[in-house]
Structure formats: C-alpha cells, structure tokens
Amino acid sequence: MEWSDLRIFLAIAREGTLGAAARKLAQTQPTMGRRLRVLEDALGHTLFQRTKDGFVLTDEGSTLLGHAERMEAEALAIERRLAGQTQQLEGLLRITSSDWFGAHILTPVLAEFSILHPQVTIELLTDARFLSLSRREADVAFRIRPFDEPDVVSRKLLHMRYRAYLRRGIAHPMAGDGTGSALLALDSAFAGVPDDSWLQTMLPKARTVFRSNSRDVQARMCAHGVGIAVLPIPLADATAGIEPIDLGTEPPGRDTWVGYHRDLRRLPRLRALLELVIARLANGSSGRQ
C-alpha cells in the first residue's frame with residue numbers, strides 16, 4: 001500500500017464522490033479512480049459500493065477507514081512537528097474565519113503583518129464551516145465558540161457587540177410589536193443563535209423575509225432597505241446608508257476565540273502573527289458606544 005493511495009481513499013470516503021474528492025486533493029478524477037483501483041487490487045477487496053448517489057463504504061472499506069485515519073493522524077503529526085521546528089520567519093500561514101470577520105476585523109491586521117514580514121505568505125479562508133486544525137486544513141482559526149478539538153491551544157480574543165440596524169430614513173419599529181416590519185435573519189443552519197432569537201423576541205409581529213449565512217450579505221440587504229438586521233458593530237460602521245435602532249436593549253454579543261494546534265506553538269511566523277493579532281484586537285470588547 002502507498003500512503004498517497006490511502007489519502008485518496010480517505011478523501012473519497014469523506015466527500016462521497018470522485019469529483020469532490022479530486023477537487024479536495026487537487027487531482028484529476030481519472031487519476032483518483034485509477035489509484036483507488038490500484039489500492040483495491042493491492043488489498044484484494046472492494047472498498048466502495050458505486051451507487052447513483054456516490055461512493056458508499058463496504059464492510060472492508062469501513063474496517064480500513066479507522067486504520068487509515070490513524071495513519072493520517074501520525075503523518076500530520078510529523079508534518080506539524082517539523083513545521084513547528086522551523087525557525088525562519090517565512091513560509092505559509094493558513095488562517096480561517098467567518099467572511100465578515102476576515103474582511104472587516106482581520107484584514108487590517110494581516111495587511112500590517114504582511115508589510116512587516118513579506119516573506120510569509122498568508123492564506124485567508126473565509127468559510128462558515130469549522131476547518132480542522134488537526135488535519136492542517138488551517139494553522140490558525142478564529143471562531144465564535146470555544147474550541148473542543150484535542151491538542152488545540154486557544155484563548156478568548158475579544159467580545160463583539162451587536163446592534164439592530166435599518167436603512168437610514170425608514171421609520172423605526174416599536175419594541176414588543178414590529179407590525180409591518182421585515183426581518184433579515186441567519187439561515188436555518190444557524191437557527192437559534194442568540195441575536196436572531198433576540199430580534200424575534202423584540203419584534204414578535206415582524207415577518208422574516210430573507211435569510212443568509214453571510215453577515216456581509218445581511219448588511220447589504222439592510223442597506224438596500226429590505227429589512228432589519230442584527231449586525232456586528234464594526235461591520236455596520238463600514239456599511240453606508242444604515243443606522244442603529246433603539247429597541248430598549250442591545251442584542252447579546254458574541255465572544256471570539258483564536259486557536260492553533262499545539263505542535264505549531266514554536267513556529268516563529270505563527271507566534272509573530274498571534275502577537276500582532278493580540279496586540280491589535282485583544283481589547284476586551286469591539287464596538288463603539
């Protein structure tokens with residue numbers, strides 16, 4: 001067995017199709033199919049059932065999966081450990097955060113870092129999904145909830161304040177009513193988040209007319225006059241044409257956490273980035289009065 005073939009097996013098992021697995025590993029679909037056949041021939045077992053909906057693990061494939069994941073974990077541990085021993089301030093740093101946080105909060109800090117350390121390449125991945133630090137999908141992650149991954153070093157970075165906003169010039173609704181008002185909410189995957197629930201409680205007679213998993217999109221729709229949105233204050237400050245509305249109280253804020261795998265804790269470029277991020281952002285609360 002070749003480890004590269006086991007990586008292909010893992011990608012197909014996780015993605016469910018050859019096409020998705022090929023994109024994940026930046027390979028061609030024919031190459032993925034050929035290497036899978038080589039692996040199956042080497043083992044003497046069929047690892048997947050080919051169905052119209054994609055690839056489904058056979059019993060033998062399920063048996064191999066656990067072993068392959070442990071091999072992957074060891075290979076990645078070697079990679080992280082060697083990366084953590086690199087002493088030069090150069091190379092790649094892969095960062096993940098939500099879209100609006102990356103655009104409006106991190107970008108000024110990353111611009112400053114790039115000027116200070118031009119030999120370090122920053123790759124910022126703005127994604128609603130939580131990318132894995134253990135699998136080196138990212139080196140540093142910024143999240144709105146504490147990390148529960150093993151071997152991740154993390155700390156609370158800041159507290160983000162939110163307010164309700166409406167296009168400037170539109171009549172403000174009354175708290176406790178909301179008749180005739182339209183709401184902009186997060187999509188169903190984020191149902192029940194504190195600020196969404198707060199807005200529906202404050203304006204129980206308002207109607208939700210738009211949902212999105214992007215805070216930036218919500219802010220733009222608000223600026224177009226579609227409805228009321230709860231937004232992080234720094235994002236709202238950067239959005240022209242909207243104003244805060246007073247509903248008697250502010251929506252609940254959110255804490256932001258930063259984390260990285262402990263094997264990278266001695267990586268100079270990572271330490272330099274974290275020092276700058278903490279110096280610029282770790283001020284307890286973000287959002288003007």
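Are Phe-101 and Phe-142 buried or exposed? Both residues are buried (under 20% relative accessible area; exposed is over 50%, partly exposed in between; 1.4 Å probe, protein chains only). The model is predicted: local features need pLDDT of at least 70, side-chain atom pairs count only at pLDDT 80 or more, and totals for chains, interfaces and linings use all residues. Residues are numbered from 1 along each chain as its sequence is written, and side-chain values use heavy atoms, without hydrogens and water.

Four aromatic pairs were counted (ring centres of Phe, Tyr or the six-membered ring of Trp within 6.5 Å; planes under 30 degrees apart are stacked, over 60 edge-to-face, the rest tilted). Phe-9 and Phe-48 form a tilted pair, 5.4 Å centre to centre with 45° between the planes. Phe-9 lies in helix α1 (residues 3–15) and Phe-48 in strand β1 (residues 48–51), 39 residues apart. Helices (H or I, at least four residues) and strands (E, at least two) are DSSP runs, numbered from the N terminus. Phe-9 is buried at 0% relative accessibility, and Phe-48 is buried at 1%. Phe-101 and Phe-142 form another tilted pair, at 5.8 Å and 35°. Phe-101 belongs to helix α5 (residues 99–116) and Phe-142 to strand β5 (residues 140–143), so the pair ties together parts 41 residues apart in sequence. Ring pairs also link Phe-9, Phe-48 and Phe-55 into a cluster.

Leu-264 sits in the loop between β12 (254–261) and α9 (268–281). Leu-264 is buried, with a relative accessible area of 1%. The C-alpha atoms of Leu-264 and Arg-80 are separated by 6.2 Å. Along the chain, these two residues are 184 residues apart.
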